[in-house]
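Please look at the sequence and the model first.

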Amino acid sequence: ILNDRKYNALRDALYQCESEKTRFRRLLINAVMATDLIDQELKNLRNTRWSKAFREVADDEENTNKQQAMNRKATIVIEHIIQASDVAHCMQHWHVFCKWNEKLFVEMYGAYREGRADRDPSVGWYEGEICFFDNYVIPLAKKLEECGVFGVSSDEYLSYALANRREWKIKGERITEDMIRRTKAAATGEEQDSSSSDGSSDRNW
């Protein structure tokens, strides 16, 4: 799509030569891959790059030039911005978190019922959210605060993440039970509507 003629001006703004095009492509791929939450090897690699970019400055200055260090920081920050966008509801107001948490559950439960996912998300959802906050969302929010890319908003994201974690710890079990009940009732209703309508699976062809 990007190579379409109508995006000539956009391409000119993104890169001016083949080397810049290659760098942009690599950056784009890294940003997309950064949203993979399952691959532990990729996660460890990102953590290593973060440490090298932001926590080993003194040693790094002896081994690389300032431009390379700046490029490394820019790349890892972009990756973390994409990650934050992917789970942004966890770092916003409680009601926003609850709304999108339920939408995610409904989507995953639908995938499970249709055979597109192996695991029933209703099993362990409450505990899984706490684990997700502790091992992904809150560490990510702390990194965003550390690099200061969002300015004063970085403190806000971390505060919301911590507050939502506390709130979920208290109310999450009841919320999960209600959410599962609503989702399963809706799915059962859809099945009943389907079986009673014209074109049901009982039709003989």
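**Helix packing**

This is a predicted model. The table gives the angle and axis distance for each pair.

| Helix pair | Angle | Axis distance |
|---|---|---|
| α5 and α7 | roughly 135° | within 10 Å |
| α3 and α5 | about 130° | 9 Å |
| α3 and α7 | about 20° | 12 Å |

**α3 with α5**

Helix α3 covers residues 40–54, and helix α5 covers residues 66–86. α3 passes α5 in a left-handed crossing. On the α3 side, the contact uses R46, R49, W50, K52, A53 and F54. On the α5 side, R72, K73, I76, V77, E79, H80 and Q83 take part. By class, this contact has six charged, five nonpolar and two polar residues.

**α5 with α7**

Helix α7 spans residues 125–147. Its axis comes within 10 Å of the α5 axis, and the two cross at roughly 135°. α5 and α7 are therefore oblique to each other. The crossing of α5 past α7 is left-handed. From α5, the residues V77, H80, Q83 and A84 reach the partner helix. They meet Y136, L140, K143, L144 and C147 in α7. Six residues of this contact are nonpolar, two are polar and one is charged.

**α3 with α7**

How are α3 and α7 placed relative to each other? Their angle is about 20°. Angles under 35 degrees count as roughly parallel, and α3 and α7 are therefore roughly parallel to each other. Their axes are 12 Å apart. The crossing is left-handed. K43, N47, W50 and F54 are the α3 residues in contact. Their partners in α7 are N135, K143, E146 and C147. The class count is three nonpolar, two polar and three charged residues.

**The largest pocket**

The largest pocket has a volume of about 880 Å³. How many residues line the largest pocket? There are 27 of them. L37, I38, L104, M108 and F132 lie nearest its centre.

α3, α6 and α7 each supply at least two lining residues. Helix α6 runs over 94–113. Which helix gives the largest share of the lining? That is α7, with seven residues. The lining divides into 14 nonpolar, eight charged and five polar residues.

Conventions:
Residues are numbered from 1 along each chain as its sequence is written. This is a predicted model: local features need pLDDT of at least 70, side-chain atom pairs count only at pLDDT 80 or more; totals for chains, interfaces and linings use all residues. Side-chain values use heavy atoms; hydrogens and water are left out. Axes are lines fitted to C-alpha atoms, for helices over the stretch in contact, and angles run from 0 to 180 degrees between N-to-C directions. Helices (H or I, at least four residues) and strands (E, at least two) are DSSP runs, numbered from the N terminus. Angles under 35 degrees count as roughly parallel, over 145 as roughly antiparallel, 65 to 115 as roughly perpendicular and the rest as oblique. A crossing is left-handed if the near helix is turned anticlockwise from the far one by less than a right angle, and right-handed if clockwise. Contact means heavy atoms within 4.5 Å. Ala, Val, Leu, Ile, Met, Phe, Trp, Tyr, Cys and Pro count as nonpolar, Asp, Glu, Lys and Arg as charged, and the others, Gly among them, as polar. On a 1 Å grid over the protein atoms alone, a cavity is a set of points where a 1.4 Å probe fits but cannot get out, and a pocket is an open set with protein on both sides within 12 Å along at least five of seven lines; lining residues have an atom within 4 Å of a point. Grid points are joined across faces, edges and corners, and a volume is the space filled by probe spheres set on the points.
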